[in-house]
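Reader: I would like to learn how to read a strand and its surroundings in a model. Where should I start?

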Amino acid sequence: MSVSGRGTSQPSSLQPRIVVAMDYHNADDCLRVAHQLSPQLCRLKVGKELFTACGPQLVEQLMTLGFDVFLDLKFHDIPNTTAKAVRAAAELGVWMVNVHVSGGRRMMLAAREALEGLQSPPLLIGVTVLTSMDADDLAGVGVQRSPEQQVLYLADLAKQAGLDGVVCSAREAHALKQACGKDFTLVTPGIRPVSAEQGDQRRIMTPAEAITAGSDYLVIGRPITQAADPMLACREILADIDGACDHVQ
Ligand SMILES: O=C(O)c1cc(=O)[nH]c(=O)n1[C@@H]1O[C@H](COP(=O)(O)O)[C@@H](O)[C@H]1O
């Protein structure tokens, strides 16, 4: 039994706000680390690499261990295909699923509609501007707005289409909470403790900064999964955000 209750968009002070990105290539590595982590302390994200290698069976195994699972496949397709993929994710029983906001309003409305009538639908979240992108990367694909302007623009589209929230960087969290309201869920990757390497991420913040800025869920991969002791790394980040949580609640 998971700890969150699906369909709850805002974490209470007792619910885990860390979502560990299980970016592994095989089930053994993923399950070895999952057994070291605790559903009381974190949720898990299954993304493209792990899902392509291991499929829905592994998602089910992680849920059997008690974890809430964010299925991060960033659907971006024609409305009919996206809606059916979102429905399939819901039938798998995941806690959260995402689509690219740039798939457009009709695509997002179809995804929303695909979840109608379900007793505990997953949170439906829109990806805005990937946290690996900066202003130069956006300009490279023809977008002249700043990352923050583009994130705000896409988040407004997502909200109007009935999505529960967006994936963004924590750098945009404060402005987004003001623009979209506190109930609009903010899921923020690009989280780096002070000592961690930035890697391919560009718009980053520390865990405590992200919570203070208004992030609801922190998606954290390599700083935990590549650590010698993932559970210890997770606990250290929790200690870092504890004070920030008290401050914002
Ligand atoms: O949707 C996501 O989860 C996502 C969106 C985004 O804009 N940036 C981003 O990094 N992610 C995911 O978040 C995780 C971040 O991992 P680390 O960079 O290792 O902490 C990866 O699994 C990414 O696929």
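Author: Start with burial: a residue is buried if 20 or more other C-beta atoms lie within 10 Å of its own. Keep in mind that this model is predicted.

Reader: How do the side chains of a strand relate to its two faces?

Author: In a regular strand the side chains alternate between the two faces of the sheet. Take strand β7, residues 185–188. Thr185 and Val187 lie on one side, Leu186 and Thr188 on the other, and all four are buried, so both faces of β7 are covered.

Reader: Which strand do the 3 bridges join to β7?

Author: That is β6, residues 165–167, and the two strands run parallel. Gly165 has Thr185 of β7 as its bridge partner. Together with helix α8 (residues 173–180), β6 and β7 form a right-handed β-α-β unit.

Reader: What joins β7 to β8, and do they run parallel or antiparallel?

Author: β7 and β8 are parallel, with 2 bridges between them. Thr188 is partnered by Leu218 in β8. From β7 the chain passes through helix α9 (residues 207–213) to reach β8, again in a right-handed β-α-β crossover.

Reader: Which residues come nearest the ligand?

Author: The ligand has 18 residues around it, and those that come nearest are Ala21, Leu130, Pro189, Gly221 and Arg222. Two elements, β3 (69–75) and β8 (217–220), each give two or more residues to this shell.

Reader: How do the residues of the shell divide into nonpolar, polar and charged?

Author: The shell around the ligand holds 7 nonpolar, 7 polar and 4 charged residues.

Note on methods
Residues numbered from 1 in each chain as written. Predicted model: local features only at pLDDT ≥ 70, side-chain atom pairs only at ≥ 80, totals over all residues. Near = placed C-beta within 6 Å. Nonpolar A, V, L, I, M, F, W, Y, C, P; charged D, E, K, R; others polar. Buried ≥ 20, exposed ≤ 12 C-beta atoms within 10 Å, placed from the backbone. Pairing = 2+ DSSP bridges. Right-handed = clockwise from strand over helix to strand, strands pointing away.
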